[in-house]
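Subject: A structure for you to look at

Hi there,

Here is the structure I promised to pass on. Please open it alongside this email, and my notes on it follow below.

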Amino acid sequence: MTHFEKVQQWLAEHHYQVGYLSNFKNIQYFTGFASDPIERVLALFIFPDQDPFIFAPAHEVEAVKETGWQYQVYGYLDHEDPFAIIKDQILARVKNPTRWAIEKGNLNVSRFEELQQKFPTATFTGDLTPLIQQEQLLKTPAEIEKLKIAGKWADYAFEVGFKALSTKRTEQDVAAEIEYALKKKGITHTSFDTIIQSGANAADPHGVPKKEFIKPNELVLFDLGVVFDGYISDASRTVGFGKQLSEKSQEIYRVCLEAQLTAQAAVKPGMRAEELDKIARDIITKAGYGEYFIHRLGHGMGQSEHEFPSIMEGNSMELQPGMCFSIEPGIYIPGVAGVRIEDCVYVTENGAEAFTHTPKELQLLPLA
């Protein structure tokens with residue numbers, strides 16, 4: 001059964017007449033068409049007993065067709081009311097569309113209100129978000145192969161970044177070196193903006209590279225990934241720049257590494273997501289740094305870097321073969337340093353395999 005057919009079946013079983021997908025990443029998953037519409041409307045409509053259609057900005061219509069999309073696609077110009085056109089196309093298919101299912105985890109308020117105005121007798125109680133999350137949860141062998149290739153390019157990016165470290169370069173310079181090298185190899189998109197943080201700057205888990213020169217004898221955190229054929233990689237490494245790191249820096253690295261390696265080795269089908277989080281968290285807490293591990297252990301990944309599920313306390317979901325997620329403990333001490341070590345993995349019948357293979361033992365890179 002195809003992805004479409006599963007949604008159609010779900011709509012039919014729950015007596016919904018229209019399914020509206022609004023998340024552009026999920027539209028890519030179901031259709032193969034990849035585009036971030038920014039402020040414009042991009043939508044996929046699925047029906048229980050009719051063909052779906054894509055609604056897109058007019059300048060994207062030909063691009064949709066070029067993907068091999070075999071159903072209808074409709075466009076709109078910037079000065080037109082997109083939901084008026086959508087209304088006409090819905091009514092051409094469903095005489096009285098009163099029961100809708102939407103992505104409650106994505107659809108914004110203003111567009112929801114547009115729907116309500118155009119279809120005042122309709123109810124929008126159906127939620128497609130959990131269904132889509134479950135559909136994306138277990139990756140196929142073909143998807144895993146794409147994720148492996150994306151992982152290899154992340155390893156290449158680490159190699160470039162480590163070599164680029166220099167007291168004459170800023171964090172921003174190093175990030176630019178990495179992205180330029182990737183583009184020269186034909187990798188045009190990163191999973192997210194490449195993160196390089198040195199010294200105390202790395203104590204901000206989601207900080208950005210600064211226009212500050214890399215200082216000698218400090219830890220440098222790299223967080224990066226690429227997009228390959230619609231699938232992403234996401235990995236973090238922390239290295240020492242210079243051979244005279246402080247004892248505190250070396251200690252928090254050892255603790256974080258133990259937490260990451262132990263958790264990754266513990267992955268097996270049937271264990272709960274919260275159990276995996278606890279394994280890593282207990283190691284960091286026992287070492288006295290629990291208050292500095294301030295985020296979940298991991299997140300799902302596939303066509304985007306943050307997918308369902310969360311590997312965290314309170315999530316009793318059992319791990320299954322084919323699930324893909326990150327394992328990324330971190331220790332962030334304000335004003336001192338930050339360490340994060342991350343691999344994304346896929347669950348196998350017996351354990352887990354990583355998509356990235358850059359060594360995780362502490363590397364002390366020579367000053368340049």
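A word on terms before the helices: axes are lines fitted to C-alpha atoms, for helices over the stretch in contact, and angles run from 0 to 180 degrees between N-to-C directions. Helices (H or I, at least four residues) and strands (E, at least two) are DSSP runs, numbered from the N terminus. Please bear in mind that this is a predicted model, in which local features need pLDDT of at least 70 and side-chain atom pairs count only at pLDDT 80 or more, while totals for chains, interfaces and linings use all residues. Residues are numbered from 1 along each chain as its sequence is written, and side-chain values use heavy atoms, with hydrogens and water left out.

**Helix pairs**

Let me begin with helix α4 (residues 82-91) and helix α5 (residues 109-118), whose axes lie 10 Å apart and which pack at an angle of about 50°. That angle makes α4 oblique to α5; angles under 35 degrees count as roughly parallel, over 145 as roughly antiparallel, 65 to 115 as roughly perpendicular and the rest as oblique. The crossing of α4 past α5 is right-handed (a crossing is left-handed if the near helix is turned anticlockwise from the far one by less than a right angle, and right-handed if clockwise). On the α4 side, Phe83, Ala84 and Lys87 meet Arg111, Glu114, Leu115 and Lys118 of α5, where contact means heavy atoms within 4.5 Å. Sorted by class, this contact of α4 with α5 has 3 nonpolar, no polar and 4 charged residues. For these classes, Ala, Val, Leu, Ile, Met, Phe, Trp, Tyr, Cys and Pro count as nonpolar, Asp, Glu, Lys and Arg as charged, and the others, Gly among them, as polar.

Next come helix α7 (residues 141-164) and helix α8 (residues 171-184), which cross at roughly 135° with axes that come within 9 Å. α7 is therefore oblique to α8, and their crossing is right-handed. From α7, Trp153, Tyr156, Ala157, Val160, Gly161 and Ala164 take part, and from α8, Val174, Glu177, Ile178, Ala181 and Leu182. The contact of α7 with α8 divides into 9 nonpolar residues, 1 polar and 1 charged.

By class, the contact of α1 with α2 has 4 nonpolar, 2 polar and no charged residues.

**Two sheets**

An open sheet of 6 strands runs in the order β4-β3-β2-β1-β5-β6, with mixed pairing (two strands pair if DSSP finds at least two bridges between them). Its edge strands are β4 (72-76) and β6 (123-127), each pairing on one side only, and the twist averages 25° from one strand to the next. Strand β1 (residues 18-21) runs parallel to strand β5 (residues 99-102), and 3 bridges join them; glycine 19 has alanine 101 as its bridge partner in β5. Helix α1 (residues 3-13) lies across β1, β2 (43-46), β5 and β6, at about 60° to β2.

There is also an open sheet of 4 strands, ordered β7-β8-β11-β19, again with mixed pairing. β7 (195-198) and β19 (364-365) stand at its edges with a single partner strand each, so one side of each is left without a neighbour in the sheet. β11 and β19 run parallel and are joined by 2 bridges, with leucine 364 in β19 as the bridge partner of glycine 240. α8 packs on this sheet, touching β7 and β8 (218-224), and its direction makes about 150° with that of β7.

**Salt bridges and backbone details**

The count comes to 18 salt bridges, each being a side-chain nitrogen of Lys or Arg within 4 Å of a carboxyl oxygen of Asp or Glu. Aspartate 343 forms one with arginine 237, with the closest N and O atoms 2.9 Å apart. Aspartate 343 is in strand β17 (residues 343-347) and arginine 237 in strand β11 (residues 235-241), so the pair ties together parts that are 106 residues apart in sequence.

The peptide bond from phenylalanine 308 to proline 309 is cis, with omega near 5°, and proline 309 is found in strand β13 (residues 307-311). Histidine 15, in the loop between α1 and β1, has a phi near 65°, a positive value in a residue other than glycine.

Best wishes
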